[in-house]
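The structure comes first, then the details.

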Amino acid sequence: MASHATNPDFRTRLQNWIPKLVLSPSLALILFFVYGFIFFTVYLSFTDSRILPSFGWVGFENYEKLFRLRHWDIAVSNLVVFSGLYIFFCTVIGLMLAIFLDQKIRGESVLRPIYLYPMALSFIVTGTAWKWFLDPGIGLEHTMHLWGWESFEFNWIKDRNFAIYTVVLAAVWQSSGFVMAMFLAGLRGIDNEMLKAAQMDGASNFSLYRRIIILQLRPAFLSAFVILSHLAIKSYDLVVALTGGGPGRATEVPATFMYSYTFTRNQMGIGASSAVTMLLTIVAIMVPYLYSELREKK
Amino acid sequence: MAIASSDTAIRTGRVTRFFLYLVLILFALFYLLPFGVMLVNSVKPLAEITGGNMLSLPDVWTLEPWFKAWSSAQIGVEATGLSPYFWNSIKMVVPAVAISTILGALNGYVLTKWRFKYDTLIFGMMLFACFIPFQIVLIPMARILGLTGLAGSTPGLVLVHVVFGLGFTTLYFKNYYQVFPTELIRAAQIDGAGFFRIFQRILLPSSGPIIVVSVIWQFTNIWNDFLFGASFADLDSQPMTVALNNLVQSSHGVKEYNVHFAGAVFAALPTLLVYIVAGRYFVRGLMAGSVKG
């Protein structure tokens, strides 16, 4: 090391370059595989690509076709229903379990991993388990009949109008424990002195939660919302494993729509335009969030 | 992270506590039931599943479905069982986790201790990459993997997972190194230590917890991935999730539920194991990446 000291100028310059050199492979990967690819897909969405990418410019034709497709309509409205219910129930259940667990519960260390473990599973595993559990011929309905409750009926997974709710059920099962963990961490970070002061003033538990604690959890709410909406829009695996988009098209979502139009129906232009629409939705949610996160750091 | 301590100022009465425990236990059942029932049914003979009650314990205990799922079940066209796909997953996960963690550590180090103009912008671009819907990259990715000869190969999948895991690993290490005292690094610099020496001697020895977090996070995500595996893998590189889906969805012959369940348990085992052994760190990792930002 001492030998370098004789040439401090070169050494300093080298030291200034090394960090950038170290960062550059990652930056190059991201620029090419993320931003370059986004650009490419956006470009494809304005072309007449079918089985393979082609570069005949068609303007907004793909988008016009996409928005007229009933199939896409179903996918989008399913996603709205799915993500609305999914985010709502995960947040409500997660918050409730976190508040309950925070009451000096005996056996908390046993309960917490039980609530959380579904998050470690693949959506394919979750789908396999729930598909069978909800199957009327062999799962829950069948079991209730065997127990003598003959009129019990639960065949949502086979019913066009209700199948999407089974996807919600399985997804909430998988993620609500994780939301619980986020809220629990938030609750444990709240200053107890403030709560004690409010108690002295005669505040009830309910109003403590409503007026102080829930407000303090704002960052956890925000993170939960962002993560859940990002999981919801990516919800491809679970739909494939649980319902395969069916019965009929009853549980088709944009992620499955994009896949089938691009790779099985050979309508790559329309597939690309649906992917761009998905990206824009995510951008609308993520960019304000990321912007505020990065600014606070300064 | 104070998740382990449970100190709260809230006091609750007897009736309330009874109600609390009731709800908490009911939810525990809700979370345990589908997977637990599946586990129990994976050691039943098929006749007991189709004819019997899914909530009852097996009359005859058998490990037959487990052996069959592992080594002889029909996956796609071949009766190989899930074992080759299990190893495919391992061969994909290990390098992908290692490379993305190493790169993430170096990036986090640069972005916190060697700051330069526009570093926040670069970090923002990496972070945004975590959240894109992957559908937006599927078409060009398929093209590029095809052109480079990586399509359908394990190295191709490793590349994909490294690229799309980088944002998360960088985020973890950046958050972790952010609170590491910069004075120590300046002092080492004055003593003549260079970039890598500082990293190796000063930061790395205290990075244990965050390495665990990054490894667990990446391991779980990559092991559980289905979309990339289904899109870019062929028979020689198909991961466990894709093979399991093929097994469960196959339409020919009798549906051997017990074999499907055993297969699902195999697919879940590695991540569950990681979870049981190091779940505490995993939760902290999720927190570090989300609540703290």
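## Basis

A crossing is left-handed if the near helix is turned anticlockwise from the far one by less than a right angle, and right-handed if clockwise. Helices are DSSP runs (H or I, at least four residues), numbered from the N terminus.

This is a predicted model: local features need pLDDT of at least 70, side-chain atom pairs count only at pLDDT 80 or more, and totals for chains, interfaces and linings use all residues. Residues are numbered from 1 along each chain as its sequence is written, while chains are lettered from A and ligands numbered from 1 in the order in which they are written.

## H4 against H10 in chain B

The crossing of H4(B) and H10(B) is right-handed. Helix H4 spans residues 83-113 of chain B, and H10 spans residues 208-224 of chain B. They pack at about 140°, with axes 9 Å apart. Axes are lines fitted to C-alpha atoms over the stretch in contact, and angles run from 0 to 180 degrees between N-to-C directions.

## Burial on H9 in chain B

Helix H9 covers residues 195-203 of chain B. Phe195(B), Ile198(B), Phe199(B) and Leu203(B) are buried (20 or more other C-beta atoms within 10 Å of its own; exposed, 12 or fewer; partly exposed, in between; C-beta atoms placed from the backbone). Seen down the axis of H9(B), these buried residues fall within an arc of 100°, so they line one face of the helix. The arc is that of the directions from the helix axis to the C-beta atoms. On the other side of H9(B), Gln200(B) and Arg201(B) are exposed.

## Leu85 in chain A

Leu85(A) sits in helix H3 (residues 70-101) of chain A. Leu85(A) counts as partly exposed, with 18 C-beta neighbours inside 10 Å.

Technical notes: Helices (H or I, at least four residues) and strands (E, at least two) are DSSP runs, numbered from the N terminus.
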